[in-house]
Amino acid sequence: MELRPEQVEANRGQLGLLQPADPAPAWHVGDSRQIGRRLADVEADFVFSCPPYADLERYSDDPADLSTMDYPAFLTAYREVIAGAVGQLKPDRFACFVVGDVREKRGTGVYRNFVADTIEAFLDAGAQLYNEAILLTAYGSLPIRAGKQFAASRKLGKTHQNVLVFVKGDWKRAVAACGDVNVSDDLFPEADEE
Ligand SMILES: C[S@@+](CC[C@H](N)C(=O)[O-])C[C@H]1O[C@@H](n2cnc3c(N)ncnc32)[C@H](O)[C@@H]1O
């Protein structure tokens, strides 16, 4: 569920890139806080989201847009979204959120602890933390900016995000529900060459 119709339109436009797109994802325009009510009949096998990282990027001026909210209001709304989504996840299934910590925009610019707040929201919704992976993001202009920033403030340049995987219920049954996975080397032939 996505608040902005133009984002849903873009997602639908990319459907052809999914191999195979069967069953095809169903996107719904709406406020994710309503997910439990709007999609009450859905029982999900998996939950995935890359949510707004608080106010890091502002997506619209819609007051329901989580990226317009101050951090305490954001957290309340965010926790509601997570509780609703975990509620619709079948028992014994996995959920994955991709998040990255964000600094306060004003004041000292300390980290908000958004990754920990995400974990806490899932724990409170009845899931458990199962995996964490670090997603390396493109350096871009970071090497040019990082030195000056470090000298002035001792703040490090950040070039990663956090991939958090949660399990609701029994992990063995969640694994069984995923079915077989091909982890043989022929999937990654370039790894053999190194
Ligand atoms: C990091 S972006 C992810 C974009 C998108 N899911 C994609 O396919 O890349 C976060 C998204 O959350 C959406 N959003 C913000 N508040 C929302 C809300 N209350 N309900 C649903 N979506 C919301 C924003 O419009 C934005 O597109």
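I take a polar contact to be a pair of N or O atoms within 3.5 Å; within protein, one must be able to donate a hydrogen and the other to accept it, and residues adjacent in sequence count only if both atoms are side-chain atoms. I am working on a predicted model, where local features need pLDDT of at least 70, side-chain atom pairs count only at pLDDT 80 or more, and totals for chains, interfaces and linings use all residues. I number residues from 1 along each chain as its sequence is written, and side-chain values use heavy atoms, with hydrogens and water left out.

I looked up Asp 31 first. An N or O atom in the side chain of Asp 31 is 3.0 Å from a nitrogen atom of the ligand. Next came Ser 32. Here a backbone N or O atom lies 2.9 Å from a nitrogen atom of the ligand. For Glu 2, I found a polar side-chain atom 2.6 Å from an oxygen atom of the ligand.

**Ligand cover and shell.** On its own the ligand has 590 Å² of accessible area, and the protein covers 78% of this (Shrake-Rupley method, 1.4 Å probe). I listed 16 residues around the ligand, with Glu 2, Arg 4, Asp 31, Ser 32 and Ala 64 coming nearest (a residue is near if one of its heavy atoms lies within 4 Å). The shell divides into eight nonpolar, four polar and four charged residues. Ala, Val, Leu, Ile, Met, Phe, Trp, Tyr, Cys and Pro count as nonpolar, Asp, Glu, Lys and Arg as charged, and the others, Gly among them, as polar.

**Largest pocket.** Which space does the ligand take? The ligand takes the largest pocket (more than half of its atoms lie within 2 Å of the grid points). A pocket is an open set of points on a 1 Å grid over the protein atoms alone, where a 1.4 Å probe fits, with protein on both sides within 12 Å along at least five of seven lines; lining residues have an atom within 4 Å of a point. I noted a volume of about 1700 Å³, the space filled by probe spheres set on the points. The lining has 42 residues, and Met 1, Glu 2, Trp 27, Phe 48 and Ser 49 lie nearest the centre. They divide into 28 nonpolar, seven polar and seven charged. Strand 1 gives the most, five residues.

**Second largest pocket.** I read off a volume of about 460 Å³. It is lined by 24 residues, with Leu 56, Asp 101, Arg 103, Tyr 111 and Lys 158 closest to the centre. Helix 5 supplies the largest share of this lining, four residues. I counted eight nonpolar, eight polar and eight charged residues there.

**Chain.** I ended with seven helices and four strands (DSSP runs of H or I, at least four residues, and of E, at least two, numbered from the N terminus). The C-alpha trace spans about 50 × 50 × 35 Å along its principal axes.
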